[in-house]
Amino acid sequence: MEKFNIAIDGPAGAGKSTIARLVAGALGFVYVDTGAMYRAVTWKVQQEGLSPHQESEVIALARRMRIELIPRPEGQQVLVDGIDVTKDIRTTAITDHVSQIASIGDIRQLLVAMQKQMAASKGIVMDGRDIGTHVLPDAEIKIFLTASVKERAERRFKEMQDSGNSEMTLSQLEQDIARRDQLDQEREISPLRKAQDAILMDSTSMTIDEVVDQILGLCKDKV
Ligand code: C5P
């Protein structure tokens, strides 16, 4: 099959990562979770004891650090300066501050350049907030995946319960998701929005398999 790129954007908890990973697996493409890159910078900022408000120090740190994304069958492994941070970047401490880091223009510029490079030879399924609008405006397929705040919070809650994590209640999760949606939609640089040519998919009452099948169906039309 000829290679092409797929951009999947949408708000927090819409199921982008799971769906992007499954679509990539089915096509033999590489899955890239760009949120993990913003999380990796946030992790390093915390390790160095910096505040997200210390913008020039944060930018200098991001320029020095090395982020590696390694495709694995079970998902993407994330290394920062050789340290495996795959799990550590998913904690509440990181989630609470990542949108602040992601609103810094120079950080976005740096990570977007890396993302464009990763997708240059095609065969990439990339998920994020600005992939269809900014990172890969020429992606052959663009999906804007959403679901109601309530549904997204319930899914996250179940995921956390299944992994034995009781850090947050359902209503705290709902508030956190709504807060991140707002920050991501209202930021000045590359806010979260649907690209004009993206296909809107509301997964509120769809299963993961149904969403994956629909996307794979769109791919068949493309090739
Ligand atoms: O996808 P995930 O929830 O892990 O992303 C974490 C945060 O990183 C988002 O809430 C958003 O602030 C930021 N992000 C972004 N642009 C992307 C991917 C993620 O601003 N392409």
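**Briefing: ligand shell, sheet and helix packing**

Of the 14 residues around the ligand, Gly35, Tyr38, Ser99, Ala102 and Gly128 come nearest. The model is a predicted one.

**Around the ligand**

- Three helices each supply at least two residues of the shell: H2, H4 (92–101) and H8 (170–186).
- H2 gives the largest share, with three residues.
- By class, the shell holds five nonpolar, four polar and five charged residues.

**The sheet**

- Three strands make an open sheet in the order S3-S4-S5, and their pairing is antiparallel.
- Strand S3 (67–72) and strand S5 (83–84) are the edge strands. Each has a single partner strand, so one side of each has no neighbour in the sheet.
- In general, the strands of a sheet pair through backbone hydrogen bonds, and the pairing can be parallel or antiparallel.
- Helix H2 (residues 35–47) lies across S3 and S4. H2 runs at about 30 degrees to S4.

**S3 with S4**

- Six bridges join S3 to S4, and the two strands run antiparallel.
- Arg72 has Gly75 in S4 as its bridge partner.
- The link from S3 to S4 is a hairpin, made through two residues.

**S4 with S5**

- Strand S4 (residues 75–80) is joined to S5 by two bridges, and this pair also runs antiparallel.
- Which residue in S5 is the bridge partner of Leu79? Asp84 is.
- Val80 stands opposite Ile83 in S5.
- S4 and S5 form a hairpin too, with two residues between them. In the turn, Asp81 has a positive phi of about 50 degrees.

**H3 against H5**

- Helix H3 (residues 55–64) and helix H5 (residues 105–119) have axes that come within 9 Å. The axes cross at roughly 15 degrees.
- Angles under 35 degrees count as roughly parallel, and H3 and H5 are therefore roughly parallel to each other.
- The crossing of H3 past H5 is left-handed.
- From H3, the contact uses Val58, Ile59, Ala62 and Arg63. These meet Asp106, Ile107 and Leu110 in H5.
- How many residues of each class are in the contact of H3 with H5? Five are nonpolar, two are charged and there are no polar ones.

How values were computed. Residues are numbered from 1 along each chain as its sequence is written. This is a predicted model: local features need pLDDT of at least 70, side-chain atom pairs count only at pLDDT 80 or more; totals for chains, interfaces and linings use all residues. Two strands pair if DSSP finds at least two bridges between them. Helices (H or I, at least four residues) and strands (E, at least two) are DSSP runs, numbered from the N terminus. Two residues are in contact if their C-beta atoms, placed from the backbone, lie within 7 Å. Axes are lines fitted to C-alpha atoms, for helices over the stretch in contact, and angles run from 0 to 180 degrees between N-to-C directions. A residue is near a molecule or strand if its C-beta atom, placed from the backbone, lies within 6 Å of it. Ala, Val, Leu, Ile, Met, Phe, Trp, Tyr, Cys and Pro count as nonpolar, Asp, Glu, Lys and Arg as charged, and the others, Gly among them, as polar. Angles under 35 degrees count as roughly parallel, over 145 as roughly antiparallel, 65 to 115 as roughly perpendicular and the rest as oblique. A crossing is left-handed if the near helix is turned anticlockwise from the far one by less than a right angle, and right-handed if clockwise.
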